[in-house]
Amino acid sequence: MKLVSYVNDGQTGLGVLEGHNLFSVQELDKNLPNDILALLNMGEKGHVLIKTALEQLKAGQITAQPVADYQLLAPVPHPTSCRDGYAFRQHVAAARRNRGVEMIKEFDQYPIFYFTNHLAVQGPGEIYCMPDHFQQLDFELEVAIVIGKKGRNIRAEDADQYIAGFTIMNDMSARKLQMEEMLLNLGPAKGKDFSTIIGPWLVTPDELQAKKVPAKQGHVGNNYDLSMKCWVNDVLVSEGNMADMDWTFAEIIERCSYGVTLYPGDVIGSGTVGTGCFLELNGTAKLNNPQHQPQWLQPNDKVTMQIDGLGTLENTIRAEATDWSILHRKKNL
């Protein structure tokens, strides 16, 4: 099923998407909560209640409204935490090649991740950025999972059962801020903490069964043959596939949960797919043509991401009405 968090007539709610129609879960069953975190904390019971209620849809007993009538939020508007992985070798290798450095051998030894600001998660619609963000503002095309049940020290062989669903992620990046602060070997921080976009809905694993493919050799866990694309102002700039993940989400969960409890509502991103950001695209283009002029996101740009089975996530980038800059506050220049 596809779970949707929304605003309608000033009220937030939780719905199920069937075709182009959205059904409030509380209209399906009064015992269901109107919040995704509360639903996830019900575990399998909540899933069964929704599936049972959805059978009534086929009998025409419940009415719905077109999803276009609702303002969609991030499917998990207030995650309990938000991590982002580094699962695509193609992206890492290309980015390092473009900087003239060798591929780092540790990539093939263990999956890594960083924490980002879970209170800055946003969904479809307008994304407001500060002046310093527009100093090399970038998109990053990713898949994200949402954890569906509590677990600690989870083995990769068991980890797929902890995934409640999948969604599209755009890990927004302010590259100038990111590159400056990472010279100090700490981060990413201000280059990443202003916005992480997920949406438009959360797709449960059962909907993707037909797209399941084996993990890469030497790896453990499920993977999926899902085409991934990104357009900027309706121009296709990135194209990849989730099947190219070297580290599976199961392996990332194993790493994340070592000595740490994961909770329902935790969001974990895959990391950027190959060709999935301007940083990589600009570097490759510059390598092939030294005269290449780099492209970055600008105010009023439209970013559209589409992943098979997961929908289309669309955002418009807006500029905050301010000239406030922390880059101008640097000392000892």
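Visitor: Is Lys-216 buried, partly exposed or exposed?
Guide: In this predicted model, Lys-216 counts as partly exposed, at 32% relative accessibility.

Visitor: Which residue does the Lys-216 side chain meet in a salt bridge?
Guide: Asp-246, at 3.4 Å from N to O. Asp-246 counts as buried, with 11% relative accessibility.

Visitor: How many salt bridges does the structure hold?
Guide: The count is 14.

Visitor: Which residues are linked in a network of them?
Guide: Asp-138, Glu-140, Asp-171, Arg-175 and Lys-192. Within it, Arg-175 bridges to Glu-140, with the closest N and O atoms 3.1 Å apart. Arg-175 belongs to helix α6, while Glu-140 sits in the loop between β10 and β11.

Visitor: And Lys-192 with Glu-140, what is the N to O figure?
Guide: 2.4 Å. Lys-192 lies in the loop between α6 and β15, so this pair joins parts 52 residues apart in sequence.

Visitor: Are Lys-192 and Glu-140 buried or exposed?
Guide: Both are buried. Glu-140 has 5% relative accessibility, and Arg-175 is buried too, at 3%.

Visitor: Switching to the sheet: what is the strand order?
Guide: β9-β23-β22-β18-β19, an open sheet of 5 strands with mixed pairing. β9 and β19 are the edge strands, and the twist averages 20° from one strand to the next.

Visitor: In what sense do β18 and β22 pair?
Guide: Antiparallel, over 5 bridges. Val-232 stands opposite Val-303 in β22.

Terms used. Residues are numbered from 1 along each chain as its sequence is written. This is a predicted model: local features need pLDDT of at least 70, side-chain atom pairs count only at pLDDT 80 or more; totals for chains, interfaces and linings use all residues. Side-chain values use heavy atoms; hydrogens and water are left out. Two strands pair if DSSP finds at least two bridges between them. Helices (H or I, at least four residues) and strands (E, at least two) are DSSP runs, numbered from the N terminus. Axes are lines fitted to C-alpha atoms, for helices over the stretch in contact, and angles run from 0 to 180 degrees between N-to-C directions. A salt bridge is a side-chain nitrogen of Lys or Arg within 4 Å of a carboxyl oxygen of Asp or Glu. Buried means under 20% relative accessible area, exposed over 50%, partly exposed in between (1.4 Å probe, protein chains only).
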